[in-house]
Amino acid sequence: MNGFDMDVQFIKGVGEQRAKLLNKLGIYTVYDAVHFYPRRYLDFSVFTPIAALQPGETACVKAVVGTAVSAARIRQGMTIYKTIVTDGDCTMHIVIFNSQFAAQRLIEGETFLFYGKVTYSNGSFEMANPLIEPETLPDPFRPVYPMTAGLYPKQLSNIIHNAIPLWEAASPGDLIPDAIRRHFSLCHELFAIKNIHFPKSKHDAMVARRRLIFEELFVLQCGMAQLRHTERVKTNIRVATDVLEAFYALLPFSLTGAQQRAIGDCVSDLQSGTAMNRLVQGDVGSGKTMVAAALLFLMAKSGHQSAMMAPTELLAKQHYETLCKLFGDTLSVVLLTGSLTPKEKRTVKAAIAAGDVQIIVGTHALLTEDVQFASLGLVVTDEQHRFGVHQRSTLSEKGCAPHVLVMSATPIPRTLSLIIYGDLDISVIDELPKGRQQIRTYVVDSSYHARVWAFVRQHLDKGLQAYIVCPAVEEGEGDLHAATDFSKQLAKGEFAGYRVGLLHGKLKPKDKARVMESFASGATQLLVATTVIEVGIDVPNAVLMVVENAERFGLSQLHQLRGRVGRGSEQSFCILISDAEGETAKERLAVMKQTSNGFAIADADLRLRGPGDFFGARQHGLPQMKIADLLDDMTTLKEAKAAADEIIKEDPQLQLPAHQPLNDAVQRLFARTKGAALN
Ligand code: ADP
Ligand code: MG
């Protein structure tokens, strides 16, 4: 057996019981034990004078026990031990609950290191249950691991200590090739493993840490680079670009610089001879559809078909209408969705197979429908974050290596783009069309409800429309506002006499379409909805977006919701209602007030919630990082990417013997991701 994958029970000091505890921490093998990194370190080498302590902070104090320890039994089974220690200038109280063992060590006149959180009460500093260590420590820089009940830090430390030689014996060698290791001044793998767990100094721990962060990101990026490399498919599908002028002539406005740049990027991909694989990222309302339209036009004029997919029928229909209006009679556009009758479907499919149709718009049902294309040259998917990677490739398989364009309004911080879409080229539309009005955003608590409703009624009376978004569909999900009940309640009460609609994800597609059409036509004045309206929908007459329990939504989600208004000439408003007390919740909602820049919002969201919550790592197949922080380690990420690209160019399959350990690591990381995605 490969020593790497040896069960933890082979480690000295691990029996069945302990193995179970280790499993709880995600440690199953020798490899896992060695790569179970500390969260942080306790530094017993830097002392704070008592006079300089700050209440609330955690500090290490070197002090002499000044009084004999007193013991007081305060109730059955609870004894408090107290003493006063001094560093020569000042004194501090030490309080220990119940641990006679700890109390007995504190002999009057001896010096110890006290590590703990400092409080200040009754005119003096105090540490309750500090870590107590002798004055001279062999390991003053000590790792802190995530723990589980029943396993002491010292035991875990011993287990890792015993696992290292087993791992070393089985290791196929340093997975970072020497040249790269030297170029980035990284330490050896063995040094890193030993010193991340048992550093002699802060410096050694940091050297180890830097190497392991690089290693993790490097392995990740090698995997992504491989994906990228294998997906670079040769293609004969090229376009005539001299027709681009004809496309511009169709537009009722001139394109923004950012739109033109994105089109330029795509056009050079389309002429390169390898299949385009590009992500166009642009904030809500930045005009991504027109970038797609330009390519659809070029493809059609060059004799190829294009498929354009949206995540919902609603959006597909909207795209279809936009394109019909834009292209008029010059191109033939069809809509292929689940609502067509079987007969209509047959007719449309026959036309596609015969090559009579140039642009096919649909939902991702286009993937499963057995549509035969006469000559599929381009696949566009809108709002990419709703599609999985494998769906992307399924459609690509339908043509002979079509070009692929994905569009996303989820502004992903660049760091994450590199990782999630690392196999795609990226164009960013970082500019909104001229003359867009600013949406005014307010954050209020529910005591403002009556005022908010009056404000909404005022606007409805002027012939304008509004959305109210709730976090839940039905009651029973805590005390959250539920769309179904809320719409009934409002229609009977505050909005009696107004036309109130209800939209949520549990409705049948047909009913959803009906509700949405009624709102788009203005027949419905007030739409109570869940986040199903989050993506794409364009009703310029809607000027108010009210969000209930706003703290329940991600910032990027709120940003998407807000993007549903502010599309016409009237002043638009977004009102976020929340009774959340927490600091983070307040800070997050404040971000919405401060900025309307989707990228800034996504960054803040990531910072305040962490990358796990931001997307749901699983949903995106993003491997869980053990030590790297995707935002903080951005510089390293870039270095790792450059190094990975270089290596994969030289040895795409990582077949060279020198790359064997690296290949193993890449397989390991991505295998784990696949496993996680199944949960
Ligand atoms: P998104 O990027 O969110 O998909 P859309 O493509 O739906 O944005 O565009 C939003 C609106 O802006 C549409 O009504 C579209 O016609 C309009 N639009 C797009 N580009 C421009 C432009 N360059 N100048 C003016 N309006 C534009
Ligand atoms: Mg769009």
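**The ligand site and the sheet**

Modeller: Of the 15 residues around ligand 1, those that come nearest are Gln259, Gly285, Lys288, Thr289 and Arg436, where a residue is near if one of its heavy atoms lies within 4 Å. This is a predicted model, in which local features need pLDDT of at least 70 and side-chain atom pairs pLDDT 80 or more, while totals for chains, interfaces and linings use all residues. Residues are numbered from 1 along each chain as written, chains are lettered from A and ligands numbered from 1 in written order, and side-chain values use heavy atoms, without hydrogens and water.

A polar side-chain atom of Gln259 lies 2.9 Å from a nitrogen atom of ligand 1, a polar side-chain atom of Lys288 lies 2.7 Å from an oxygen atom of the ligand, and a backbone N or O atom of Gly285 lies 2.6 Å from a ligand oxygen; a polar contact is a pair of N or O atoms within 3.5 Å. The protein covers 78% of the 560 Å² of accessible area that ligand 1 has on its own (Shrake-Rupley method, 1.4 Å probe).

Turning to the sheet, seven strands (DSSP runs of at least two residues) form an open, parallel arrangement in the order E12-E13-E11-E14-E15-E10-E16, with pairing requiring at least two DSSP bridges. Strands E12 (333-336) and E16 (425-429) stand at the edges with a single partner strand each, so one side of each is left without a neighbour in the sheet. Helix H9 (residues 257-270; helices have at least four residues) lies across E10, E15 and E16.

Notes:
Polar contact = N/O pair within 3.5 Å; in protein donor to acceptor, adjacent residues only side chain to side chain. Contact = heavy atoms within 4.5 Å. Axes fitted to C-alpha atoms, helices over the stretch in contact; angles between N-to-C directions.
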